[in-house]
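Good morning, and thank you for the time.

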Amino acid sequence: MVPAWNSYPASAGMRPASFVSAQDRSSGQISKQAAKILIVEDDFLAASGMEAALMEAGFEIAGIANRAEEAVRLAKSQSPALAIMDIRLIGRADGIDAALEMFRETGIRCIFATAHHDPRMRARAEAASPLGWLPKPFAPHALIAMVQRALTEL
């Protein structure tokens with residue numbers, strides 16, 4: 001049986017996770033070293049690649065989710081600075097649903113990293129106040145640059 005990779009924080013056991021408070025998020029006091037990132041992606045290999053690139057760049061990983069419900073749960077419990085959000089996820093709710101709920105309940109914003117970014121999707125996601133759109137496929141350096149830029153907007 002394959003373990004449920006999405007139910008554990010990605011960095012569990014590796015190093016202590018930093019905590020970014022809502023006050024830090026709203027005051028712009030989040031540094032690259034303190035930033036905790038949530039990955040929401042239904043493709044295991046893509047999620048693993050993002051995790052490796054982000055950790056190598058010095059970011060903490062709040063967890064990896066492949067379902068909208070798990071993403072919202074991790075956002076509430078881990079308080080990441082932001083989320084990297086795919087739109088197509090496992091289950092009925094998609095990444096836009098997750099982003100809207102996360103933003104409404106926690107104020108956490110996301111970068112949409114997806115192949116599905118047509119005008120209809122972008123309009124649907126607008127209420128989540130996205131930090132950016134990263135079209136798939138993308139290189140690890142593009143992900144890191146987008147996260148660094150997004151952190152300056154928080």
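This is a predicted model: local features need pLDDT of at least 70, side-chain atom pairs count only at pLDDT 80 or more; totals for chains, interfaces and linings use all residues.

Residues are numbered from 1 along each chain as its sequence is written, and side-chain values use heavy atoms, with hydrogens and water left out.

Let me begin with the fold. The chain contains six helices and five strands; these are DSSP runs numbered from the N terminus, with helices being H or I of at least four residues and strands being E of at least two. In sequence order the pattern is α-β-α-β-α-β-α-β-α-β-α.

Of the 154 residues, 49% count as buried. Here buried means under 20% relative accessible area, exposed means over 50%, and partly exposed lies in between, with a 1.4 Å probe and protein chains only. The accessible surface of the chain is about 7,400 Å², and carbon and sulfur atoms contribute 56% of that. These areas come from the Shrake-Rupley method with a 1.4 Å probe, and for residues only the protein chains shown count as cover. As for contacts, meaning heavy atoms within 4.5 Å, those with a separation of 6 or more are made to the extent of 67% by residues 24 or more positions apart.

I turn now to helix packing. Two packed helices are described by the angle between their axes and the distance between the axes. The axes are lines fitted to C-alpha atoms, for helices over the stretch in contact, and the angles run from 0 to 180 degrees between N-to-C directions.

How do α3 and α4 lie relative to each other, roughly parallel or oblique? Their axes come within 9 Å and cross at roughly 25°, and the two helices are therefore roughly parallel. The cut-offs are under 35 degrees for roughly parallel, over 145 for roughly antiparallel, 65 to 115 for roughly perpendicular, and oblique for the rest. α3 passes α4 in a right-handed crossing; a crossing is right-handed if the near helix is turned clockwise from the far one by less than a right angle, and left-handed if anticlockwise. On the α3 side the residues are A68, A71, V72, A75 and K76, and they meet A98, E101, M102, E105 and T106 in α4.

Helix α3 covers residues 68-78, and its buried residues are A68, E70, A71, V72, L74 and A75. The cover over these buried residues includes β1 (36-40), β2 and α4 (95-106).

The second pair is α2 (residues 44-56) and α6 (residues 140-153), which pack at about 60° with axes 10 Å apart. α2 and α6 are therefore oblique to each other, and α2 passes α6 in a right-handed crossing. The contact is made by M50, A53 and L54 of α2 with P140, L143, I144 and V147 of α6.

Next, the aromatic rings. How many aromatic pairs does a search of the whole structure find? It finds one. Rings of Phe, Tyr and Trp (its six-membered ring) pair if their centres lie within 6.5 Å, and planes under 30 degrees apart count as stacked, over 60 as edge-to-face and the rest as tilted. The ring centres of F112 and W133 are 4.5 Å apart with planes at 20°, so the pair is stacked. F112 belongs to strand β4 (residues 109-114) and W133 to strand β5 (residues 132-135), so the pair links parts of the chain 21 residues apart. Both residues are buried.

Finally, the backbone. Most residues other than glycine have a negative phi, and most peptide bonds are trans. S79, which follows α3 and is not a glycine, has a positive phi of about 50°. S79 is placed in the loop between α3 and β3 (82-85), and at 14% relative accessibility it counts as buried. S129, in the loop between α5 (119-125) and β5, also has a positive phi, near 50°; at 26% relative accessibility S129 counts as partly exposed.

G58, in the loop between α2 and β2 (60-65), is partly exposed at 28% relative accessible area. G107, in the loop between α4 and β4, is partly exposed at 30%.
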